[in-house]
Amino acid sequence: MSVRTATLIGSGAILLWSLLALFTAASGRVPPFQLAAMTFLVGGLLGCASWLVRPSGLSALRQPPAVWALGIVGLFGYHALYFAALRLAPPAEAGLISYLWPLLIVLFSALLPGEGGLRAAHLAGALLGLCGVVALFLGRGSLSFEAASLPGYAAALACAFLWSGYSVLSRRVGVVPTDAVAGFCLATAALSLACHLAFERTAWPEGASQWAAVAALGLGPVGAAFYLWDIGVKRGDIRLLGVGSYAAPVLSTLILVASGYAPATWALAAACGLIVAGALLAARAGHPRPGGDAAADGRGPGAP
C-alpha cells in the first residue's frame with residue numbers, strides 16, 4: 001500500500017468522526033459510559049465479523065502486553081478522561097484543550113525514525129488549523145478559563161496527550177495488524193461498562209431512531225473510524241493526517257447546521273478558511289523522500 005493510499009484511508013476516519021456529534025445528539029439521553037460501552041461493542045464486533053471469512057485475523061489478538069496496553073489506554077483512556085473533562089470543566093474550554101492532539105501529533109511525529117524531522121510548513125499548517133478550531137469555539141460563545149475548573153482542564157490536556165501518543169506510537173508498532181483494533185474496542189467496551197455500572201444510571205435509547213443512531217455510532221465514528229485511522233497512522237503521512245484532523249470539528253458543525261441542530265455563523269466560515277489553508281500548507285510540505293529524489297523512486301514530484 002502506498003503512502004498516499006494509506007493517508008486517504010486514514011482521512012476516512014476524520015470524515016467519520018465529523019458525524020460523531022450528529023449521531024450522539026440523535027441517540028438521546030444515554031449516559032456517556034453506557035453509550036461508549038454500547039458503541040465500542042458494536043465497533044469491536046464489526047472488526048470480528050470479517051474473521052468469519054478470514055479466520056487468520058483472529059491471530060492478531062496474540063500481541064505482547066505492551067501492545068494491548070497501548071491500544072486500551074489509547075481508546076479507553078482517552079474517552080474516560082474526555083468524559084471527566086466535560087464533567088469538571090465547561091464543555092467549550094474542555095473541547096478546545098482536548099483538541100490540541102492534532103498539533104501534538106505533528107510535533108511528536110518528528111521524533112519517529114525515518115520521518116526527516118519537523119518541517120516549518122507542517123508546524124505552520126497545524127497552528128493554522130488550531131486557530132481555526134479556536135475561531136469555531138469562540139463562535140459558540142466566549143471562552144473563560146477558571147481556576148475552579150483546573151482538574152477538568154488537566155483531564156482535557158491529558159486527553160490530547162493520550163490520543164496523540166497512541167497515534168504516534170501506533171506507527172512504532174506498525175507490524176501489528178489492524179485486526180488487533182477489534183480487541184482494543186472490545187476491551188474498551190468492557191471497561192466502559194464497568195464505569196457505567198459504577199458511576200451512572202442506565203438509560204436506554206427511546207424509539208427506533210435513537211437505537212439507529214447508536215448503531216450508526218458503533219459502525220462509523222466509534223467503529224470503522226478506528227480501523228481506518230490505524231491504517232493511516234501506520235502507513236500514511238501521519239503529519240498530514242494530524243493537520244487534516246482539525247477539519248473534523250468544522251465538518252461536524254457543518255453537518256449539524258445542515259441537519260438543523262445548529263445555526264450558521266461567521267466563526268464557522270473563518271474556521272473553514274483557516275483549516276483549509278493549514279491543510280494545503282502542510283500538504284505542500286509533502287513527505288520526506290528517501291534520498292531527496294522523487295523521480296528516482298517513481299513517485300513523481302510532490303508525491304507523499
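Trainee: In which hand, left or right, does helix 4 pass helix 8?

Mentor: This is a predicted model, in which local features need pLDDT of at least 70, side-chain atom pairs count only at pLDDT 80 or more, and totals for chains, interfaces and linings use all residues. Residues are numbered from 1 along each chain as its sequence is written, and side-chain values use heavy atoms, leaving out hydrogens and water. Helices are DSSP runs (H or I, at least four residues), numbered from the N terminus. A crossing is left-handed if the near helix is turned anticlockwise from the far one by less than a right angle, and right-handed if clockwise. Helix 4 passes helix 8 in a left-handed crossing.

Trainee: At what angle do the axes of helix 4 and helix 8 cross?

Mentor: Axes are lines fitted to C-alpha atoms over the stretch in contact, with angles from 0 to 180 degrees between N-to-C directions. Here helix 4 (residues 65-88) and helix 8 (residues 150-172) cross at roughly 160°, their axes coming within 8 Å. Helix 4 is therefore roughly antiparallel to helix 8 (over 145 degrees; under 35 counts as roughly parallel).

Trainee: How does helix 5 pack against helix 8?

Mentor: Helix 5 (residues 91-98) packs on helix 8 at about 30°, with the axes 7 Å apart, which means that the two are roughly parallel. Their crossing is right-handed.

Trainee: What does phenylalanine 226 touch?

Mentor: Contact means heavy atoms within 4.5 Å. Leaving aside residues up to four places away in sequence, phenylalanine 226 touches Trp17, Phe40, Leu75, His79, Trp163, Val181 and Pro221.

How values were computed: Angles under 35 degrees count as roughly parallel, over 145 as roughly antiparallel, 65 to 115 as roughly perpendicular and the rest as oblique.
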